[in-house]
Amino acid sequence: MNPSLPTPPLAADLVERRKRLRADGKTLVFTNGCFDLVHPGHVSYLKEAAAMGDELWIGINGDGSVRALKGDKRPILSESERAYLLRAFSFVAEVFVFPEMRLTEEIRIIRPDIYVKAGDYTLESLDKSERAAFEEVGSSIVFVPFLEGFSTSAMIGRIKEAF
């Protein structure tokens, strides 16, 4: 964790902001992921997601869950660095960290109106507990087209080849 960057919040820190959005009749769009190295595929789908509502919030996997998902050499960027980078986009309203492998509790806390994932996912490939939580809170689940040719793993491979 880089001490010069702000510590990203947890979902529980955003409860009051979420209540205000709902009271104001605003639509909360939510997505999540590791976002280990942000690439054009991420930006494309995040911009499309942001256009679906009033605010886009992103939940990012904490460093420990990225290691569990991607291996001991990941993440490349810390959770603070990843949150800082994503929050810098004007179309992103909030970024929070979820430390566990799954974000079922965070879903129940923020109760998003719309959940968006890139088209490399399907309803069937979503984690069953997360899908159930989205259905429980009444979130619409939307998949946006996957921008072919971009992945963090491919970027890491190209960087390795360069040295």
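Predicted model: local features only at pLDDT ≥ 70, side-chain atom pairs only at ≥ 80, totals over all residues.

Tutor: Residues are numbered from 1 along each chain as its sequence is written, and side-chain values use heavy atoms, with hydrogens and water left out.

Student: What makes strand S4 largely enclosed by the rest of the structure?

Tutor: Buried means under 20% relative accessible area, exposed means over 50%, and partly exposed lies in between (1.4 Å probe, protein chains only). Five of the five residues of S4, residues 114-118, are buried, so the strand is largely enclosed. In a regular strand the side chains alternate between the two faces of the sheet. Both faces of S4 are covered, with Ile114, Val116 and Ala118 buried on one side and Tyr115 and Lys117 buried on the other. The names themselves come from DSSP runs, helices being H or I of at least four residues and strands E of at least two, numbered from the N terminus.

Student: How do you know which strands pair with S4?

Tutor: Two strands pair if DSSP finds at least two bridges between them. Strand S1 (residues 28-33) is joined to S4 by two bridges and runs parallel to it, with Val29 standing opposite Ile114. Strand S5 (residues 140-144) is joined to S4 by five bridges, also in parallel, and there Tyr115 has Ile141 as its bridge partner. Between S4 and S5 the chain passes through helix H6 (residues 128-137) in a right-handed β-α-β crossover, a term for a path from the first strand over the helix to the second that runs clockwise when the strands point away from the viewer.

Student: Why is Glu55 called buried?

Tutor: Glu55, which is found in strand S2 (residues 55-61), has a relative accessible area of 16%, and since the limit for buried is under 20%, the label applies. Contact means heavy atoms within 4.5 Å, and, not counting residues up to four places away in sequence, Glu55 touches Arg17, Leu21, Thr27, Leu28, Val29 and Ala93. Glu55 is also linked with Arg17 and Glu94 in a network of salt bridges.

Student: What makes the pair of Arg82 and Asp63 a salt bridge?

Tutor: The term requires a side-chain nitrogen of Lys or Arg within 4 Å of a carboxyl oxygen of Asp or Glu. For Arg82 and Asp63 the N to O distance is 2.8 Å, so the pair qualifies. Arg82 lies in helix H4 (residues 79-87) and Asp63 in helix H3 (residues 63-70), 19 residues apart. Arg82 has 0% relative accessibility and counts as buried, and Asp63, at 15%, counts as buried too.

Student: Why are Arg102 and Asp127 called partly exposed?

Tutor: Arg102 has 38% relative accessibility and Asp127 has 22%, so each value falls in the range between buried and exposed. Their side chains meet in a salt bridge of 3.1 Å, N to O. Arg102 lies in the loop between strand S3 (94-98) and helix H5 (104-110), and Asp127 in the loop between S4 and H6, so the pair ties together parts that are 25 residues apart in sequence.

Student: How do you know that the buried residues of H3 lie on the same side?

Tutor: In H3, Asp63, Ser65 and Val66 are buried. They cover an arc of only 160° around the axis, which puts them on the same side of H3; the arc is that of the directions from the helix axis to the C-beta atoms. What covers them includes S2, H4 and S3.

Student: What makes a set of residues a nonpolar core?

Tutor: The set must consist of buried Ala, Val, Leu, Ile, Met, Phe, Trp, Tyr and Cys residues joined through side-chain atoms within 4.5 Å. In the largest such core, which has 18 residues, Leu56, Ile58 and Ile60 touch the most other members. Helix H2 (40-50), S2, H4, S3 and S4 each give two or more residues to this core, and the largest share, four residues, comes from H2. Apart from this core lies another, of 17 residues, among them Phe96, Leu103, Ile110 and Leu126.
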